[in-house]
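Me: I have a structure to read and would like to learn how its features are described. Please take me through it one feature at a time.

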Amino acid sequence: MPFSARYPSSRSFPLIPGARFRRTIAAAFLGGGICVVLSAALFAQTEPGRIPASAGSSIADTSLDARVESILQTMTPEEKIGQLVQYSAGQPTGPGTGRTDYDDMIARGQIGSLLNVIEPREINKYEKIAMEKARLHIPILFGLDVIHGFKTEFPIPLGLASTWDPSIVEKASRVAAMEASADGIRWTFSPMVDIARDARWGRMAEGAGEDPYLGSAMAAAYVRGYQGSRLDAPDSIAACAKHYVGYGAAEGGRDYNSTEISEHTLRQFYLPPFHAAVEAGTASLMSAFNSMNGVPSSANPFTLKQVLRKEWGFRGLVVSDWNSVGELIQQGVAADGPTAARKAFLGGVDMDMVSSLYHDHLQQLLGSRQAMPAELDEAVRHVLRVKLALGLFEHPYVDENAAAKALYHPESIALAQEAAEHSLVLLKNASGPGGKALLPLAGGIQNIAVIGPLGDDSSFPNGAPNGSGPRVSFTAALTKRAGAGHVSRFKGSGILDGSDADIAAAVAGAQKADVVVLTLGESPDMSGEAASRANLGLPGRQEELLEAVVHTGKPVALILFSGRPLTVPWAFEHVPAVIAAWLPGMGGGPALARTLFGDVNPSGKLVVSWPRTVGQEPLYYNALNTGRPAGDVDLTRPPTDLVSKYVSRYLDEPNSPQFPFGFGGSYTSYSYGKSTISTPRLSATELNKSLSAGVEGAPAMTAEAEVTNTGSRAGEETVQLYIRLRGTSLAEPVRMLKGFQRVALAPGETKKVKFELKPEAFAIWNDRNQLAAEMAKVTVWISPDSAHGSAAEAEILP
Ligand code: BGC
């Protein structure tokens, strides 16, 4: 059964009593999600200002255009500006404006969207004012940060990406859409598709890591999941790919910091996930806070107009980030509010989130012809198109009783657990007692001590405290799995603090145990927005706790909870088993308990390079080679001669990460055969012909390798394909991911894993910033991660 069929495909829209148009709003939802609007068109003829209805499946649906134009014609400049104005009318997610007169503003047609309103009754209250009191009855669009689930909480996006499974991401965002839409939220500010190369940046937690290929696959999966097969289905929500663009390259990893990104690097690394989101039909994008090469992203006509509108043909809505229009003043490109509004507006930002500067100044800018009516119309078109595509004109209200029924479906909870299971990355699993790998834990263990501040729900590793759904802490789940009386619990320390007495009690507890499970890491508020860290080690006294417990000599499995990789080199040397659990969401407790006992074989893989030390950051596998690569030099020793000194290296740390991008262990083992390719000679002319024809054609090359499960457990392995091009007009990275597949393998089973490489795989952004194939030497690896695999050589000839 397809996943979507397990969820109700419709919900009803009871109407506000007394609404004068209640007769006309009626919809029937047929199997397969087809929406049939019965009578709203009739309404259009009977009530002036009412908008004729028709179904909109996506923002690319040109049948919406006539409706957009007919609405535009009826609007005053003030009403048009109103559509471009958004305020937060709930829990603020940044410093606000202090405004609260939203009822009056909506009645005057001065607000197009509200964010952070999460009570269905409140949503209907505002919507009723828009639909009944405002002259044109244009519905308000309600937006919210629905990031990794609405109420059913999934792993953070970094964890979801570590599944390397876009289908799980799509299903998770479908659940999020179903729950949020039932609450009246039809717009999420997600997915965050920023490339993140620096673990100091707290928002690494919100994205899919460092790679543009994987990031693009995840971006498209989120959009498909949120938006479903039709945007106007009642359980679809509009996606918003953010933060456009380059926000993840913040200097020093400090949030909101400026970035310097060449056009080449922008096109090769930072733009592709946004382009993928646009291709997948995202209804909106959010312009970022950062300035890039001195130009703030929320006033950058090159990215917002040239690339997004002209090159990609995007027809949806661009919303600013929170007050990023106002921040143009602090960034130094505007000396006052009117200039900030003008620069953002002319730069290509349609909707102003929170700053109020469009509301305050656009009218005056039009009057002085610093902004033109045609530009205003174009921005309003983008907003109206999204509202029409969502079917909001036909269905402005939310059923106030529907939300509860949509939340926490057993299938949703099961999916959250499955996602958590697949997101766990086994970083290390060395020998425990008897020379066997410590994990999975042997049955019949009498006493397991769970030690550390993240072992229960008090620090919310499994999700926000305000969720009311069923949640099982790790200790509770482990107790259930191991049997009552077999698990003891010691906090050991807080996340940021701790006492000698707590550490001593934990050590005493460890001494009585057969096995210790350490649950250490960061609280959820140590990653995400405004949560950059200059140090990436365990916070507080946790390192001390770790070392004290390990010194008891008991076998220790360490579970790291965090929104980023943590530098714990001592643990990687001295602790036999380490799992990166990220922040695993509400299924995290059971997922970890099942994984420790081997009911689940870990299969997650890293989507970011795991640093040895913060001094290596930014750290990413798809870097350029230097003129003096370290090659075979032993970087664990100080240089001894000219050859080992004058290479690109640190004196005090290897260049390599602690664990490379793509790495993740398993309770079984896999061996990879030789990589072979179908076409050792390619032609640049032919590749470019296919690229400019733009049609799905035959692959330019197939590559394959045999992968064998050499252990005694069934497992799922994500097989990765990388290429390198040499001899090109601009230097290309030492490796670039161009394909991946999750493959299930029974013990002893061998599968031939085959990749089809399209012409795009061999195209580069060349020295004229055009995407084209060039003559090059090509190396292809099929491998378990970005640092291994056998190479096959090919060539691109003229
Ligand atoms: C964040 C965005 C978020 C917005 C609304 C901003 O501070 O950068 O990612 O969508 O607030 O909450």
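Me: Which residues is Val753 in contact with, leaving aside its neighbours within four places in sequence?

Reply: Contact means heavy atoms within 4.5 Å. By that rule, Val753 touches Ala703, Glu704, Ala705, Val707, Val719, Gln741, Val743 and Ile782, once its neighbours within four places in sequence are left aside. One of these, Val707, is 46 residues apart from Val753 along the chain, and their C-alpha atoms are separated by 7.0 Å. Val753 itself belongs to strand β25 (residues 750-757). Helices (H or I, at least four residues) and strands (E, at least two) are DSSP runs, numbered from the N terminus.

Me: What do these values rest on?

Reply: This is a predicted model, in which local features need pLDDT of at least 70 and side-chain atom pairs count only at pLDDT 80 or more, while totals for chains, interfaces and linings use all residues. Residues are numbered from 1 along each chain as its sequence is written, and side-chain values use heavy atoms, with hydrogens and water left out.

Me: Is Val753 buried or exposed?

Reply: Buried means under 20% relative accessible area, exposed over 50%, and partly exposed in between (1.4 Å probe, protein chains only). Val753 has 3% relative accessibility, so it counts as buried. Pro234 also counts as buried, at 1%; Pro234 sits in the loop between α8 (212-227) and β7.

Me: What about Ala776, buried or exposed?

Reply: Ala776 is buried, with a relative accessible area of 7%. Ala776 lies in strand β28 (residues 776-783). Not counting residues up to four places away in sequence, Ala776 touches Leu725, Arg726, Thr728, Glu795 and Ile796.

Me: Which residues touch the most other members of the largest nonpolar core?

Reply: In soluble globular proteins, nonpolar side chains tend to be buried together. A nonpolar core is a set of buried Ala, Val, Leu, Ile, Met, Phe, Trp, Tyr and Cys residues joined through side-chain atoms within 4.5 Å. The largest one here has 202 residues, and Leu114, Tyr244, Tyr358 and Leu546 touch the most other members. Helix α15 (residues 373-389) supplies the largest share of this core, eight residues. Apart from it lies another core, of 30 residues, including Tyr670, Ala700, Leu757 and Ala792.

Me: What is the strand order of the open sheet of three strands?

Reply: Strands of a sheet pair through backbone hydrogen bonds, either parallel or antiparallel. Two strands count as paired if DSSP finds at least two bridges between them. The order here is β7-β8-β11, with parallel pairing. β7 (240-244) and β11 (317-320) stand at the edges with a single partner strand each, so one side of each has no neighbour in the sheet. Strand β8 (residues 284-287) pairs with β11 over four bridges, and Ser287 has Ser320 in β11 as its bridge partner.

Me: At what angle do the axes of α7 and α17 cross?

Reply: Axes are lines fitted to C-alpha atoms, for helices over the stretch in contact, and angles run from 0 to 180 degrees between N-to-C directions. The axes of helix α7 (residues 166-182) and helix α17 (residues 410-423) come within 10 Å and cross at roughly 145°. The contact is made by Ile168, Lys171, Ala172, Val175, Met178 and Glu179 of α7 with Ser412, Leu415, Glu418, Ala419 and His422 of α17.
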